Amino acid sequence: MVSISLLSLILGACGGGGDSTDAASQAPAKQEIPSEVIKTTVNKDLAAKLPKGQGRTLNFGVNLTSPPSRFLDEHGRPVGFNVDLSKLLAQKLGLTAKISDVPFEQIIPGIAARRYDLSLAGMSRTPERELELDMVEYMKGSGGVGVPAGNPKKVKASSLTSLCGQHLGALLGSFQELNTVPEIKKACKAKGLPTVKYTSYGTNNDAILALGSRRIDAVLASGAVTTYAAHEQPDVFASVIIDGTWSHDNIALRKDSPLTPIVAKAFQELMDEGSYGKVLEKWGIPNYALTKVSETQTTVEQQ
């Protein structure tokens with residue numbers, strides 16, 4: 001069984017500093033990556049409806065930098081619950097999943113240019129993205145704030161203004177960068193509080209590393225990302241889930257793609273048969289499960 005530790009990434013990527021040095025110099029407590037392989041059966045009727053020219057591969061463009069959703073193990077292999085779900089979806093359609101590691105901000109252009117068929121990357125549904133993409137909801141999402149262990153600056157789940165005056169980090173091109181940071185700045189200004197500083201990062205891991213070395217005060221990311229970091233290294237990180245941000249993650253496809261209704265029906269079958277639920281149980285997030293997919297809901301959430 002393969003194991004990986006988020007702290008081992010920190011030890012390999014930064015030299016420590018400030019209050020984080022003692023915590024980061026401790027021996028990493030490695031968490032084993034769950035190795036159970038969950039399989040499904042082919043729906044031949046849906047497979048027969050695949051567009052001509054689809055071939056035998058379903059091409060996914062994702063950023064493999066967000067444990068436990070999608071990341072690389074110590075051998076460079078894609079793992080995570082979105083990776084498992086991608087493989088199940090491809091198997092349901094009688095195809096093989098090809099998972100390409102793509103910077104988050106390049107996923108949508110890559111789908112538009114037909115380099116990738118779709119993406120399972122926990123993407124938010126926003127009006128701007130809906131102009132470019134078809135989106136199929138497949139699981140719950142939440143907005144999280146990663147903070148140092150003990151939450152020394154007392155970030156509150158109920159108050160975005162508890163972040164005023166802090167230095168924040170988030171993934172480049174993410175919902176947090178484009179929507180949450182401006183919302184926080186607006187709230188701080190309205191209450192006459194100091195504004196926030198902000199740094200964008202190419203990966204969620206980079207942002208977490210910056211927090212671990214105290215180059216920033218907090219990380220804005222999906223709740224799964226911040227909760228995983230805190231679970232991996234509770235002496236280094238803590239996680240706050242922002243009130244009112246429970247919503248849905250979406251599969252992203254090209255606008256008006258003929259794959260969209262096929263993918264939605266295939267994913268619904270994964271839910272109904274129980275293989276979808278087994279994946280979320282495997283990764284310890286059964287509370288993120290949905291029972292129905294949707295192609296139409298316009299709820300905005302946090303990735």
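Analyst: The lining of the largest pocket divides into 10 nonpolar, 3 polar and 7 charged residues. The model under discussion is a predicted one. In this model the largest pocket has a volume of about 410 Å³. It is lined by 20 residues, and those closest to its centre are E36, V37, D84, K87 and K282. Among these five, E36, D84, K87 and K282 count as charged, while V37 counts as nonpolar.

Which elements each supply at least two residues of this lining? They are strand β6, residues 78-79, and helix α4, residues 81-92. Helix α4 gives the most to the lining of the pocket, namely 4 residues. D84 and K87, already named as close to the centre, have positions that fall within the range of α4.

By the rule used here, the protein has 3 cavities of 30 Å³ or more. The largest cavity has a volume of about 100 Å³. It is lined by 18 residues, and S69, F81, S222, A224 and D249 lie nearest its centre. The lining of the largest cavity consists of 7 nonpolar, 9 polar and 2 charged residues, whereas the lining of the largest pocket has 10 nonpolar, 3 polar and 7 charged ones.

The second largest cavity has a volume of about 40 Å³. Its lining is formed by V145, V155, K156, A157, S159, L160, S162, L163, V240 and I242. These residues divide into 7 nonpolar, 2 polar and 1 charged.

A pair of aromatic rings is described by the distance of the centres and the angle of the planes. A search of the whole structure finds 4 such pairs. One of them joins F71 and Y228, whose ring centres are 6.3 Å apart and whose planes stand at 45°, a tilted arrangement. F71 belongs to strand β5 and Y228 to helix α9, residues 223-232, so this pair ties together parts that are 157 residues apart in sequence. F71 and Y228 are both buried. The two rings also belong to an aromatic cluster, which F71 and Y228 form together with W283.

A further pair consists of Y138 and F267; it is edge-to-face because the ring centres lie 5.6 Å apart and the planes meet at 65°, and an angle over 60 degrees is classed in this way. Y138 is in strand β9, residues 133-141, and F267 is in helix α10, so that the pair links parts of the chain 129 residues apart. Y138 and F267 are both buried as well.

The protein contains 11 helices and 15 strands, and buried residues make up 56% of its 303 residues. It exposes about 13,100 Å², of which carbon and sulfur atoms supply 51%.

Strand β5, which carries F71, spans residues 70-72, and the loop between β4 (65-66) and β5 contains P68. A cis peptide bond joins P67 and P68, with omega at about 0°.

K154, in the loop between β10 (143-148) and β11 (167-171), has a phi near 55°. K154 is exposed, with a relative accessible area of 55%. D256 lies in the loop between β15 (247-254) and α10 (259-273), and its phi is near 60°. D256 is likewise exposed, with a relative accessible area of 65%.

Terms used: Residues numbered from 1 in each chain as written. Predicted model: local features only at pLDDT ≥ 70, side-chain atom pairs only at ≥ 80, totals over all residues. Heavy atoms only, no water. Buried < 20%, exposed > 50% of the residue type's maximum accessible area, 1.4 Å probe, protein only. Areas by Shrake-Rupley, 256 points an atom, 1.4 Å probe, with all protein chains shown as cover. Phe/Tyr/Trp six-rings, centres within 6.5 Å; stacked < 30°, edge-to-face > 60°. 1 Å grid on protein atoms, 1.4 Å probe; cavity = no way out; pocket = protein on both sides within 12 Å on 5 of 7 lines; lining within 4 Å. Points joined across faces, edges and corners; volume = space filled by probe spheres on them.
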